[in-house]
Amino acid sequence: MTATGDFDLTTDELREVARYAVQHAEDVLPVYERAVPGDPRPRAAVDAAWTFVRGAARTKLQRVTSLDAHRAARSAPTEAARLAARAAGDAAAAAYLHPIAKATQVGHILRAAANAARVAELEAGGAETVGDSQVDRSRRLATPVLIDVLRRYPPLTGGGSRVARLMSALDHDLRRAGPEAAP
């Protein structure tokens with residue numbers, strides 16, 4: 001399967017984007033689960049993302065669980081829990097990244113990583129150096145395939161929130177990275 005638009009995205013490329021997003025979402029999922037025990041929606045989104053990453057077809061499972069995780073985020077009691085649920089929703093939604101050359105699509109690739117970095121900051125009492133370290137870790141987790149997909153989209157142009165700034169920093173770092181940047 002190939003998604004066509006302004007350019008092509010293969011299923012393998014979509015799986016790589018989803019893999020990158022779900023790795024970050026899974027890291028911060030416990031933050032949500034501690035804050036809202038018994039709410040399965042973000043975990044269901046993470047599981048749906050892994051289902052796609054591991055070879056299943058993308059289905060409405062990813063769409064439905066993504067929407068449910070984002071609904072869970074809206075009622076989360078803390079910013080960290082809200083961002084963790086959003087990361088889970090973004091991971092499931094990554095299977096449906098659109099091949100449209102708009103910077104807004106970059107969020108589907110990098111927002112889960114930026115949310116995870118902000119969650120790490122919040123868990124460390126707001127220390128921005130912790131988020132910056134997480135962005136560096138996210139850069140190292142990016143594969144050449146992910147970087148290639150990212151470079152098909154226009155770069156991000158800032159943003160006011162801390163998550164937007166973290167995402168912009170990661171976007172900038174990955175675009176600057178050479179092909180040897182990923183493991």
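Analyst: The largest nonpolar core has 58 residues, and those with the most contacts inside it are Tyr-20, Leu-97, Ile-109, Leu-110, Tyr-153 and Leu-174. Such a core is a set of buried Ala, Val, Leu, Ile, Met, Phe, Trp, Tyr and Cys residues joined through side-chain atoms within 4.5 Å. Buried means under 20% relative accessible area, exposed over 50%, and partly exposed in between, with a 1.4 Å probe and protein chains only. Several helices each supply at least two residues of this core, including H1 (11-35), H4 (79-93) and H5 (106-123). The largest share, eleven residues, comes from H1. Helices (H or I, at least four residues) are DSSP runs numbered from the N terminus.

This is a predicted model: local features need pLDDT of at least 70, side-chain atom pairs count only at pLDDT 80 or more, and totals for chains, interfaces and linings use all residues. Residues are numbered from 1 along each chain as its sequence is written, and side-chain values use heavy atoms, with hydrogens and water left out.

Consider H5. Because 14 of its 18 residues are buried, H5 is largely enclosed by the rest of the structure. H5 bends by about 30° at Ala-112, as the angle between axes fitted to the seven residues ending there and the seven starting there. Gly-125, with a positive phi near 75°, follows H5. Not counting residues up to four places away in sequence, Ile-109 touches Val-17, Tyr-20, Leu-97, Leu-146, Val-149, Leu-150 and Tyr-153, where contact means heavy atoms within 4.5 Å.
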